[in-house]
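Subject: Structure handover

Hello,

Here is the structure I promised to pass on. Please open it first, then read my notes below.

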Amino acid sequence: MRVEGLVFILLALPLLGGLINGMLGKHLPKNISGALGTGVIFTCFLIVLTLFNKVNSPVQVDVFTLLKLDQFSIQINFLIDHLSIWMALIITGIGTLIHLFSMGYMKDDEGYYKFFTYLNLFIFAMLLLVLGGNYLILFFGWEGVGICSFLLIGFHYSDPKKGIANSLAARKAFVMNRIGDAGLIFAIFMLLNAFGTLNFLEIAQTVEQMPTVSTVMFLGITLCLFLAATGKSAQIPLFTWLPDAMAGPTPVSALIHAATMVTAGIYLVARSNFLFEMAPLTKDIMLYVGVATSIAAAFMALRQNDIKKVLAYSTVSQLGLMVVALGLGAYSVAIFHVTTHAFFKALLFLGSGSVIHGMHHEQDIRKMGGLRKIMPITHWTFLIGTLAISGFPLLSGFFSKDEILGHLFSYNPLIYGLLMVSVAMTAIYMFRLYFLTFHGDYRGDKHTWDHAHESPLNMTIPLMILAVFSIFGGLLNLPGLFFHDSAHWLTGYLHSIPGMHLIEHASPDMNTTLGLMGIASLLSIGVLLWAFQNYVRKGSLAKGDEALKGWEKVSNRKLYWDEMYHMLFVKPVEWLGVQTQNIVEERGIKSGIDGFTNLIGRAGNLLRRLQNGSVSSYLSWMVIGMILFVVFYLIKGN
Amino acid sequence: MIATILTQILGALTVAAALMVVISKHPVRSVLYLVVTFFFISGLYIMMNAQFLAIVNLIVYAGAIMVLFLFVLMLLNLNKESEPKTPTLSWIIASIAAGTLFVVFIAALKDIVLVSQPGDNVALSNIGLVKNLGNTLFTKYVVPFEISSILFISAMVGAILLAKREKQMID
Amino acid sequence: MPQATPINVDFYVILATLLFVIGAFGVMIRRNMIVLLMCIELMLNAVNLLMVTFSCYYNNADAQIFVFFIIVVAAAEATVGLSILILAYRQLRTIDISIFNKLKG
């Protein structure tokens, strides 16, 4: 089949799946509803595999021209190149696994069919985002995933205990995303102004041929695009929505807030690589923002006690790493880390979902412990995920992190040192999480322990699949040391996307790479041993909230970031709202409107006196009317 | 010469009589003054040689309609004391309105240029003679003439029906 | 044969206007219904005078025919008006026009 047809089916399927589930799902039995949702995404995955085999150079699928003016024109088209195919592979592949997981996890939920509707619609929007051929389609997908994220975070909005909290978290995510979206919209305006088109291919070509666009314009466009990326990919200053978004069901956290939606920002920057190359200042800003975010989030994760919150801050921290890679201009390395991160973060989230499911929705790790005896599969897969994220040698995370660190070291060793602090903290809190959950003595409720069980197959199979990928995922982009021929496969694969061939990046030389790898390996193994010693042998437990002091308290309270935002932004706006209500609405509008209606009423009363029923006054008015008539014609002239 | 002076005198008398109609407090006197006004207007018609209309005016208007008014007035047995008093404010408003009306009419009429066709005898014409008028009436306007009889029938029937005394209901 | 004297049209026009205005004045001012009707008759007569004037001036008989019909209609109207008045008097025992204010808003 031709590429166009495949693309249409690829986009139509999740949309149809969502619509069918949405409209008919209430009457379908749960198995059918879930199987429909999962099957649709699996079919999409197969289609993307076909495209992967088929497409070698970028293909633009034009649909129609939306708007054609003298200054600019906008089309609806899709760009199928290696970057979009790769992202689509991740989306549909991990999407299938998560749909499968949700069939088991959400089994007891009443809104089962609604969940799959939203998930399918989310996949549709995300595919739209990555397959779009211009910034406008990307924007449609961008907004679409924002909406689906909102719907899914606030999925249990009617829960008696936490319904309001869920809704507030969904609202927070949406509002913060909106701030980023403003950046994207401004960038689109500026791009239209500067280039007259929004198509990726055309802009890449224009940039290649020495465009007449000023540096300030490039700076403006890239800064706005980066603002959008900070919104979706949870960087400073727009990251506080991600931990709150853990209020949604765990599969949502796995899919949206680990593997796909949060990587939309990274995708956006990678897609606009030619623009960012013309604005070195933005890349520097991205570098520093990424490092700062990574360190701050890792610090906050050190003393969190909810499984999902730890993983959420971990996501923010890893996204910081990806942004660092983008800031260095190593776009394919960033995509490599996106890939491996998708594997092990989805694995970790699904694993935590399995734990939560088995522990009957208990999420506090202080009430867990020794779970490795009851949930073996979950335990081993979670361990693999933890090792991967901590950069344990030879696992996928090790290679992707090392690429980033390698590029950073050749750029600026000082910043490399800072980032190593973040990497070390990552290892510390991940191992803390692992050991406190699965090792040691059980510290929770006895009733829960009796009923705890391993999860069913449809939940553990995705875990196992993801574990395999987490182990071997590094093979995708090995440095030149190993298997010299197939080294840097992913970089080569991504070389053909628009704009990429302009970017020359040499990897650091062999000795540096070896040295850095050695440092990273030592670090991760060292932390593993220390954590084992601290949490298992010594049995150092997580303290209760009241007993925290000093830096631990600051870490647990998330560096008081939410409170700061509340003081800086929320309270002034609320104050403004109260003032508007009291002053403007009460006095201004109400008295204005009421005064106006009173005026009309009084005028009516006045006019009413004309109708007094007395004939002589009527006759007088008639005569006066006659006079006016004649005067009018006199003045008129003819 | 005499005709001009006579016309002017008749005109002045007409105005005076009309004013008395409006102003006098006694309703019977108002009616009588109106009859006098009609006489003077008929006089004016005769000055213009509209003989037929002058006689018709006298017979129908002064003779029949005014007599009717007088009958009704006598029937209702009104006199000077039962005459309603108009408030002073009404006098003022009415005066101002009437005065303005007059001024406006004069202003509208002042620039009129009357065009007379050649061959018109601007002098007193013979158009008002019975013979000439009858000629036009019974050829050109015979249909409205006949229809006016229907008008009269309906007016008569209406008047009789309206003014009949109701029969007393015997309970 | 009457002598050929030119009609002074201005005089008749102003006279007719004056009579009309006086009639209007009377309509506005008088509260006795019968006198009100009489003032209306006065206005009609003023119009009649004007029409006859112009009929003689233009040597056209149509205006005088029209005056004839105006008289006809005035007669019919006076008849019916007076009978209504009698009926009203029987109910209200007065002919003050300011009593008829039941149609006020």
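This is a predicted model: local features need pLDDT of at least 70, side-chain atom pairs count only at pLDDT 80 or more; totals for chains, interfaces and linings use all residues.

**An exposed tyrosine, and what else turned up**

A:Y560 sits in the loop between α23 (550-556) and α24 (561-608) of chain A. Its phi is near 55 degrees, a positive value in a residue other than glycine.

Most residues other than glycine have a negative phi, and most peptide bonds are trans. That is the background for the next two items.

C:R93 belongs to the segment after α3 of chain C. It has 9 C-beta neighbours inside 10 Å, so C:R93 counts as exposed.

Then go to chain A for a peptide bond. The bond from A:I236 to A:P237 is cis, with omega near 5 degrees. A:P237 is in the loop between α8 (215-232) and α9 (241-244) of chain A.

**A buried proline in chain A**

Next, find A:P462. It lies in helix α20 (residues 457-472) of chain A. Is A:P462 buried or exposed? A:P462 is buried, because 28 other C-beta atoms lie within 10 Å and 20 or more is the cut-off for buried.

Which residues does A:P462 contact, leaving aside its neighbours within four places in sequence? They are A:L97, A:I98, A:L100, A:F101 and A:L350. Another pair to check is A:P462 and A:I94. These two are 368 residues apart in sequence, yet their C-alpha atoms are 8.7 Å apart in space.

**Helix α3 of chain C**

Now turn to chain C. Helix α3 covers residues 62-92, which makes 31 residues. At 1.5 Å a residue, this helix should span 45 Å. Its end C-alpha atoms are 44 Å apart, so the two values agree. Just after α3(C) comes C:R93, with the positive phi of about 65 degrees.

The buried residues of α3(C) are C:A63, C:Q64, C:I65, C:V67, C:F68, C:V72, C:A75, C:A78, C:T79, C:L82 and C:S83. What do the buried residues of α3(C) pack against? In chain B, they pack against α3 (51-76), α5 (130-139) and α6 (142-163). In chain C, they pack against α2 (33-58).

**Where chains C and B meet**

The contact takes 62 residues from chain C and 69 residues from chain B. On the side of chain C that touches chain B, the elements giving two or more residues are α1 (9-29), α2 and α3 of chain C. The largest share of that side, 20 residues, comes from α3(C). By class, the side of chain C that touches chain B has 45 nonpolar, 13 polar and four charged residues.

**Chain B itself**

How many helices and strands does chain B have? Chain B has six helices and zero strands. Along the sequence, the pattern is α-α-α-α-α-α. Chain B has 171 residues, and 27% of them count as buried. Take the contacts in chain B between residues at least 6 apart in sequence: 59% of these join residues at least 24 apart.

Best wishes

Definitions and conventions:
Residues are numbered from 1 along each chain as its sequence is written. Chains are lettered from A and ligands numbered from 1 in the order in which they are written. Helices (H or I, at least four residues) and strands (E, at least two) are DSSP runs, numbered from the N terminus. The expected span of a helix is 1.5 Å times one less than its number of residues. A residue is buried if 20 or more other C-beta atoms lie within 10 Å of its own, exposed if 12 or fewer, and partly exposed in between; C-beta atoms are placed from the backbone. Two residues are in contact if their C-beta atoms, placed from the backbone, lie within 7 Å. Ala, Val, Leu, Ile, Met, Phe, Trp, Tyr, Cys and Pro count as nonpolar, Asp, Glu, Lys and Arg as charged, and the others, Gly among them, as polar.
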